[in-house]
Amino acid sequence: MPTTTTAAIVEAPGEPFSLRQVQLDDLRPDEVLVRMVAAGLCHTDLSVQAGYIPFALPGVLGHEGAGLVEAVGDAVTRVRPGDAVALSFNSCGRCRNCRTGHPAYCVTWLPLNILNDGLRTDGTGTMRRGERVVGGRFFGQSSFGAKAVVDERSVVKVDNDLPLELIAPLGCGIQTGAGTVLNILRPEPGSTLAVFGTGAVGLSAIAAATMTPSTIVIAIDRVDSRLDLALDMGATYKINAGTEGSAEAIADITGGLGLDYAIDTTASMDVVRTAYAALGTFGTLAAVGAAAVGTELALDYTGLLAGRSIIGVTEGDSDPQTFIPFLTGLVRQGRLPLDKMVRTYPFTAINQAARDASDGSTIKPVLLFDA
């Protein structure tokens, strides 16, 4: 018998979230029913809500969930009822990239996570409102609901005693920032790293950089409170791009040599160009922000001839099954202080959380569901 639950629906691009009753479909063999405890609100959710990223609407977003397993399909082996789980992106598990430990670059990543018409691969929906199918399966989970039908590939078992309001953001933003540093850039001893944008992704990158032998970690933003938090989390320098020139400040800090590594979390092409221009010889810029589909980037080609490179990064090139447990260990040890970034909201206040995320007054909003 289908399960009825409350979900936050976006009716059309630009519309607010509205809480509505939906009916969840019966589990398929490879699916898990999760009672949500917490869900992070990410800028990717807001980009879909605004219409910058295409997804089937009316639909239910949410891709940083955490909760407790209520039921599993017949073929599920990763978890069982009662397990605490973190939810992350979906992947096929069969393509070359998945089999070599890079599921974030699954060849079917876009259709499995976003461009799927809100449906399963067989064309059926996981939720409906009356007779109408509602877009679901966002990142294999659509976790902005009190209960969610989740693909087994999106489920990561975690210890039941962990604070799930801190574990939920690991599914996307936190693993993106930390993974970009630890899995992609891997700074060498004495290297310099700058992070443009100190939201949840940028702060996670800074926290991860303290676990590497890099010597200089520069935080760049326009909000002093976030820059102060970046220093608290391990940055060695801060630059307020609203009051001082980033290029000049970076040149001064690096003695004119430029950066070895830079991370752009903003998806602002002006910021990307600034970060690229600040690279030194053999410097690498990791672009992790989600820009609107069709956004183009113009650069001075001659800069590439100095050995500079740009790499696009999805989900920190993480395998959630191994990387999220690694991150939970850091949270438990106090080495990844998510409590300094997270602000919790009741699920019913999702629109306030969205506003606070949009205007920057909250770094990482996390929605809490009723017990």
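How do α5 and α10 lie relative to each other, roughly parallel or roughly perpendicular?

Modeller: This is a predicted model, where local features need pLDDT of at least 70, side-chain atom pairs count only at pLDDT 80 or more, and totals for chains, interfaces and linings use all residues. Residues are numbered from 1 along each chain as its sequence is written, and side-chain values use heavy atoms, with hydrogens and water left out.

Start with the pair you asked about. Helix α5 spans residues 173-185 and helix α10 spans residues 320-333. Their axes are 11 Å apart and meet at an angle of about 100 degrees. So α5 and α10 are roughly perpendicular (65 to 115 degrees; under 35 is roughly parallel, over 145 roughly antiparallel, the rest oblique). Axes are lines fitted to C-alpha atoms, for helices over the stretch in contact, and angles run from 0 to 180 degrees between N-to-C directions. Helices are DSSP runs (H or I, at least four residues), as are strands (E, at least two), numbered from the N terminus.

Now the contact itself (heavy atoms within 4.5 Å). From α5 come Gln-175, Ala-178, Gly-179, Leu-182 and Asn-183. α10 answers with Pro-320, Phe-323, Ile-324, Phe-326 and Leu-327. By class, seven of these contact residues are nonpolar, three are polar and none is charged. Here Ala, Val, Leu, Ile, Met, Phe, Trp, Tyr, Cys and Pro count as nonpolar, Asp, Glu, Lys and Arg as charged, and the others, Gly among them, as polar.

Helix α1 (residues 43-50) packs on helix α11 (residues 350-359) at about 105 degrees, with the axes 11 Å apart. α1 and α11 are therefore also roughly perpendicular to each other. On the α1 side, His-43, Leu-46 and Gln-49 take part. Asn-351, Ala-354, Ala-357 and Ser-358 meet them from α11. That contact holds three nonpolar residues, four polar ones and no charged ones.

Last, a strand residue. Val-195 sits in strand β11, residues 192-196. Val-195 is buried, at 0% relative accessible area (buried is under 20%, exposed over 50%, partly exposed in between, with a 1.4 Å probe and protein chains only). Leaving aside neighbours within four places in sequence, Val-195 is in contact with Gly-202, Ala-205, Ile-206, Ile-218, Ala-219, Ile-220, Ile-263 and Thr-265. Take Ile-218 from that list. Ile-218 lies 23 residues from Val-195 along the chain, yet their C-alpha atoms are separated by 6.2 Å.
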